[in-house]
Amino acid sequence: MEKEGFVLVWAVCGFTEDELEEYTEYDYENECPSRFCVENGINEDEIDEDFIEKAVYDRIFTDASEFLADCSYSGSFVSAFAGRKLPENCNGMIIVYDYEHNSNNAENSDVVFLGTAVYKKL
């Protein structure tokens, strides 16, 4: 549900930029939610598309704080994920701001829910 001040983080493993875009894109023509929202039980009507941050990098990460370091507002929440080991082949992330959610439906083993943290707009 929409909740200001919360951030949700997923690790993305083995995606290309195009695959991540396709995975997170709402299909406006057919009015279908993104696969990301469907697989994770997120009501797309409750999130603001402007508050989703996603990226694929050209390297593999082993610690969540490494790929979160350059994200928006990371200074206020990266410590909540410091030391968190990532799955093999983790090369990206999806972050949703101002939403609270507690689980990963795990339909896609290449997208792993890491958790929720409180953040502040600095």
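Modeller: A residue is called buried under 20% relative accessible area, exposed over 50%, and partly exposed in between, with a 1.4 Å probe and protein chains only. The model is predicted, so local features need pLDDT of at least 70 and side-chain atom pairs count only at pLDDT 80 or more, while totals for chains, interfaces and linings use all residues. Residues are numbered from 1 along each chain as its sequence is written, and side-chain values use heavy atoms, with hydrogens and water left out.

Colleague: Does W10 count as buried or exposed, and at what relative accessibility?

Modeller: W10 has 0% relative accessibility and therefore counts as buried. F113, at 13%, is also classed as buried.

Colleague: How is a pair of aromatic rings described?

Modeller: The distance of the centres and the angle of the planes describe such a pair. Rings of Phe, Tyr and Trp (its six-membered ring) pair if their centres lie within 6.5 Å; planes under 30 degrees apart are stacked, over 60 edge-to-face, and the rest tilted. The structure holds 11 aromatic pairs. In one of them, W10 and F113 are tilted, at 4.9 Å centre to centre and 55 degrees between the planes. W10 lies in strand β1 and F113 in strand β4, so this pair ties together parts 103 residues apart in sequence. Strands (E, at least two residues) are DSSP runs, numbered from the N terminus.

Colleague: Which type of pair do F15 and Y23 form?

Modeller: Their ring centres are 5.5 Å apart and their planes stand at 70 degrees, so the pair is edge-to-face. Both F15 and Y23 are buried. One aromatic cluster is formed by W10, F15, Y23, F36 and F113.

Methods: Helix = DSSP H or I, 4+ residues; strand = E, 2+ residues; numbered from the N terminus.
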